[in-house]
Structures are given as structure tokens and as C-alpha cells.
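Have the picture open while you read.

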Amino acid sequence: MAYANQSLTNVSAELQYQGLLERMVLYTLSSVPCCVFLFINGTMLFALRSKHVFRETSRYILLYNLLFADTAQLVLSQLLYILAVCRMKLTYPVCGFLTMLADLTNEVSPLTLVVMSLERYVAVCYPLRHAAIITIRNTQVAIIVIWAFCSLNVLVRVVLMLDFPFEDLESLQMKDFCSDIAMFLGPVAAHYDKAYTCFLFISASVAITFSYVGVMVAARSASTDNASARKARNTLLLHLVQLGLSLSSTIYNPILIALSKIVTRIVFVRVQNVFYVCIFFFPRCLSSLIYGIRDQTIRPVLMYHLCCRLKLCHPSKG
């Protein structure tokens, strides 16, 4: 328990040191964009299920999985933020449930990006075998494996959490605001989190970099469609940027711990809020912007639904 109390909480842990006006301004600045992007993400999720071509194409199925995880993570992060702004302290079981769900969705995104990158690699480097390798069934299996792997990690965290002697506590009511670090109830859990984070960061980065290099090499081959290779290369570069932003949340806690030792509390709280927007909020909104604007197949359908079926917006026939 001493370890948990000494740990920092997430974006909201020190909101008690802020005035009411400042907290309400920060709440408004984060909640309004959050609602906007939740609407956009929700509309795009609906759009991806509205046409047969989206439901029967592997890369769109993977995109749906990515958007679903990002949207769920956005909802959970904002919920924890609002609870902190309202100074509501939860019990350990409730907080544990929310943080484990947040961890699950947070880890699904980078792994989905890895699979999406490998799909583009196969499409460019092995075009004749792409249809045989990247099937709907294989895509569904890959998504199941991703969620199963992330669920296994959550299960390990739950086991480490249950190892803590809760019976020695006077109450299950938390003395701090709910966050993932507040649920690190011992050094073993913290060490496990660091090890898993390093593994996820390195393996995902290597996989996407390998795919990017493979496409670059294929682009120089005379037998490869240069336009297709160039488009795939740009897509993989975007995936790499997305991965970096997504995995930046993994170094969020160590940075805050270091900052807490060198800055005042009020400065620290403001930095936390900036980090929340840049590291948690912004990456969850990036996928819908990238694919909604860049993909020629998705864009007209997305605009059609965003405009609430106004006659000014016409989806492409197909």
C-alpha cells in the first residue's frame, strides 16, 4: 500500500491543487473535442459496417478493429479524467476494472497497427499470394489473437493485483484518484509493467520498420507496381507515426515520475493535462482523420454519414 500511495496518479492525480475555474476550463477544453471526435469515430465505425466492400475487405476489417479500440480507450480515458475533475474517489475493485479495460484497449491499437502493416507488406511484396494469405478468415483469426494476447496481459495484472493483502486495509475506498499507476500495488506489478511495455514497444517497432524496409526494397524492383508500392510506403510511414504516438502512452508514467521531482506541483498538474491531450487524446483521434480523409473509398461514405445524409453529399456508387 505504501508503494501505491507514493506512486503518481495519471492525468488527474493532482487536480486537487487546482482552483475550480481552472479545472472547469481544462474539463471543457478536453471534453468538447472529445465529444466531437467520438461522434466522428462513431460515424466512421457505422460507415465501415454500412457497405459490403468494407465488411469483406481485410484492411477495412482491421481498421474497424483499430477504430473500435481507439474509441473505447478515448471513452475510458475521458471517464477517468471526469471522475478526477469531480474529485470522485472509487473503490479498488471498481478502479481496477476500469483501468484493466483501459489497458486492454490501449494495447490492442499498436498490435492492430502491426497486423495492418504486415498486410500492406504482403500486398506489395507478394501480390500474387495476397488473396490466398490475407483472407477474411485469417484476418478474423489475427484479431482474435490480438485480443486474446492483450487479455492474457490483463489477466496477469489481475493476478498480481490480487496478491496484494487487501484484508489489511481499513477500507477498500481509495485514498487517491483512480489511475493505472494507483493500481500498481507493489514493486512486482511495476516491474512487470515496465518489462511488458519494453517488449511491446520493441516488437511492434521492429515489425513495422521491417514492413517499411521491405516495401522500399520492393519499390525498386521492376516487377513491382511503383504507384502501388509508393502508396503502401506512405501508408506504412503513417502507421509508424501512429505507432509512435500510440506507444508514447507507455512512456507517459516514467516521464511524469521524473518531472515530479524537478517542478512544482501546480506546474506538474498543468504538464499532466498537456500530456493527456497530446499522448492519450490526440492519437485516438488520428486514425479517423487519416483514413477518413486519405482513403478514397471511405471518404465519400464518411462525409455522407457525417452530413446526416444531406443531398449535398453523395456516396460513390459501389
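**Two helices side by side**

Helix α4 (residues 58–85) packs against α5 at an angle of about 155 degrees, and their axes are 8 Å apart. This is a predicted model, so keep that in mind as you go. Angles over 145 degrees count as roughly antiparallel, and therefore α4 and α5 are roughly antiparallel to each other.

**More on the pair**

- In general, two packed helices are described by the angle between their axes and the distance between the axes.
- The crossing of α4 and α5 is left-handed.
- Sorted by class, the contact of α4 with α5 has 16 nonpolar, six polar and four charged residues.

**A closer look at α5**

- Helix α5 covers residues 92–125, which makes 34 residues.
- From its first C-alpha to its last, α5 reaches 50 Å, close to the 50 Å expected at 1.5 Å a residue.
- Is α5 mostly covered or mostly exposed? It's mostly covered, with 27 of its 34 residues buried.

**The cysteines**

- A disulfide is a covalent bond between the sulfur atoms of two cysteines.
- How many disulfides does the count come to? The count is zero.
- Cys34 is in no disulfide: the nearest cysteine sulfur belongs to Cys35 and is 5.6 Å away, while the cut-off for a disulfide is within 2.5 Å.
- Cys34 is buried, with a relative accessible area of 2%.
- Cys125 is partly exposed, and its relative accessible area is 23%.

Key: Residues are numbered from 1 along each chain as its sequence is written. This is a predicted model: local features need pLDDT of at least 70, side-chain atom pairs count only at pLDDT 80 or more; totals for chains, interfaces and linings use all residues. Side-chain values use heavy atoms; hydrogens and water are left out. Helices (H or I, at least four residues) and strands (E, at least two) are DSSP runs, numbered from the N terminus. The expected span of a helix is 1.5 Å times one less than its number of residues. Buried means under 20% relative accessible area, exposed over 50%, partly exposed in between (1.4 Å probe, protein chains only). Axes are lines fitted to C-alpha atoms, for helices over the stretch in contact, and angles run from 0 to 180 degrees between N-to-C directions. Angles under 35 degrees count as roughly parallel, over 145 as roughly antiparallel, 65 to 115 as roughly perpendicular and the rest as oblique. A crossing is left-handed if the near helix is turned anticlockwise from the far one by less than a right angle, and right-handed if clockwise. Ala, Val, Leu, Ile, Met, Phe, Trp, Tyr, Cys and Pro count as nonpolar, Asp, Glu, Lys and Arg as charged, and the others, Gly among them, as polar.
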